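Please open the model in your viewer and keep the selection tool at hand.

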Amino acid sequence: MYTQVSIVGGGPAGLLLSHLLHLRGIESVVLELRSREELETEIRAGVLEQGTVDLLNAAGVGDRMRKQGAVHHGVNLQFDGHRERIDFHDLTGRAITVYGQHEVVKDLIQARLDAGGHILFETAATELRDLDSDEPKVRFRRGAKLEGGTIRFDDDAEEEELVCGHIAGCDGFFGISRPAIPEADRTEYMRTYPFGWFGILVEGPPSTEELIYNLHERGFALVSTRSPEIQRLYFQCDPEDEVGHWPDERIWSEMHARLDTDDGWTVNEGNIVQKSIVRMRSFVTEPMQHGRLFLAGDAAHIVPPTGAKGMNLAVADVRVLARGLADFHESGDTDLLERYSEICLRRVWKTSRFSWWMTSMLHRFEKDNDFQHRFQIAELDYVTSSRAAATTLAENYVGLPIDPAFLIPGEDGMKDQDRRKP
Ligand code: DHB
């Protein structure tokens with residue numbers, strides 16, 4: 001089997017890459033371990049930067065997002081018993097859209113299948129080979145299932161091989177792509193945080209129009225939404241804790257203790273339909289490429305969830321990779337592909353720094369003393385009272401600017417031949 005680009009992983013990064021390549025007439029095959037249903041129901045973050053929204057619209061996959069996504073022009077920071085708003089629109093002229101990641105995934109799967117694209121679900125990539133040659137290969141097996149962290153195969157599943165021009169490693173932190181780069185040729189940077197997020201999905205009316213990020217002596221809490229009928233709430237927890245230790249009443253009591261304010265505002269309770277705990281880490285691997293393998297999204301970097309940058313960063317990688325691959329296929333020019341990692345890492349590090357900063361400002365650390373807590377309150381007071389500081393938060397939150405060279409046709413009314421070289 002041959003394709004121009006093999007894409008390992010069918011999350012937002014892999015699917016969007018496949019779609020953008022298709023728009024440039026480049027063929028790809030996406031190999032994804034999970035089933036379509038699993039992909040389409042996995043609850044993840046739901047905040048899209050303006051640039052992500054613009055790209056999805058220009059790429060023709062924004063119809064449902066425009067109808068069902070909620071545009072937010074600001075967020076609230078709550079600390080020391082009061083709530084302050086950061087007005088994105090006033091500070092940056094831009095906004096964010098709340099629309100679940102799995103909804104983006106649904107839209108992309110539909111677009112690929114409508115266009116006759118190849119997505120092999122329940123297929124495990126087992127090995128990446130010949131990365132330094134012009135014809136790298138992905139070995140894979142169909143009929144795969146992930147059960148408790150282990151991949152199991154149907155008994156009759158044989159190993160097959162996909163030969164291609166390039167491989168995109170979009171298979172997340174635990175995928176096989178990053179380890180396919182020899183250890184001696186990569187450097188990994190990692191920081192783990194001494195807490196996790198307990199996330200719940202709640203049927204019931206939202207407690208707030210715009211998100212609330214809350215620092216409290218008992219720990220961080222976040223109020224978000226998904227739709228007029230669904231709330232998404234998170235609170236800082238012990239990463240070793242278990243969902244089973246948290247019956248609904250205990251969750252609501254903790255949420256009220258952290259969030260309710262003296263003026264009578266209270267978090268709306270509702271029917272909890274999903275509970276999960278995520279661990280938090282910052283991780284970056286350098287470089288993000290090796291021979292004809294290019295890593296994108298969580299395969300190359302992880303941010304803690306505060307600020308919801310994970311998917312947006314993956315989308316920013318894919319913009320660059322799609323353009324680099326298009327240059328190669330249209331004119332044989334390899335300049336952008338050669339600089340892929342260098343171009344992406346500038347944004348990756350800045351965004352990792354922002355996610356770390358938001359996390360540090362808003363969570364109680366194990367060894368925190370009151371001195372540290374007063375500093376956090378002073379910082380929040382500064383960020384919400386200085387226009388310069390508020391702008392720093394706002395411009396990162398709505399998304400750092402995209403180099404115009406990586407906007408796609410239609411995103412800015414520019415014709416493709418007018419696009420400059422970065
Ligand atoms: C959501 C997740 C985040 O990590 C965040 O910072 C804001 C919102 C969400 O899932 O809605």
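Which residue has a backbone N or O atom that lies 2.9 Å from an oxygen atom of the ligand? Select G307, whose backbone supplies that atom, the pair being a polar contact, that is, N or O atoms within 3.5 Å, where within protein one must be able to donate a hydrogen and the other to accept it, and residues adjacent in sequence count only if both atoms are side-chain atoms. The protein buries 99% of the 290 Å² that the ligand exposes when taken alone, with accessible areas from the Shrake-Rupley method with a 1.4 Å probe.

Before going further, note that this is a predicted model, in which local features need pLDDT of at least 70 and side-chain atom pairs count only at pLDDT 80 or more, while totals for chains, interfaces and linings use all residues. Residues are numbered from 1 along each chain as its sequence is written, and side-chain values use heavy atoms, with hydrogens and water left out.

Next, select A308, where a backbone N or O atom lies 3.3 Å from an oxygen atom of the ligand, and then Y234, whose side chain has an N or O atom 2.5 Å from a ligand oxygen.

Now widen the selection to the 15 residues that surround the ligand, the closest being Y213, S224, R226, Y234 and P305; a residue is near if one of its heavy atoms lies within 4 Å. The strand β16 (221-227) supplies at least two residues of this shell, as does β17 (230-237), and the largest share, three residues, comes from β16. Strands here are DSSP runs (E, at least two residues), as helices are (H or I, at least four), numbered from the N terminus.

Move on to helices α10 (residues 340-362) and α11 (residues 370-385), whose axes come within 8 Å and cross at roughly 120°. Select W357, S360, M361 and L362 in α10, which meet Q376, E379, L380 and V383 in α11, contact meaning heavy atoms within 4.5 Å.

Finally, visit two loops. Between β18 (271-286) and β19 (289-290) is P287, which a cis peptide bond joins to E286, with omega about -10°. Between β5 (74-79) and β6 (82-87) is D80, which has a positive phi of about 50° although it is not a glycine.

Conventions. Axes fitted to C-alpha atoms, helices over the stretch in contact; angles between N-to-C directions.
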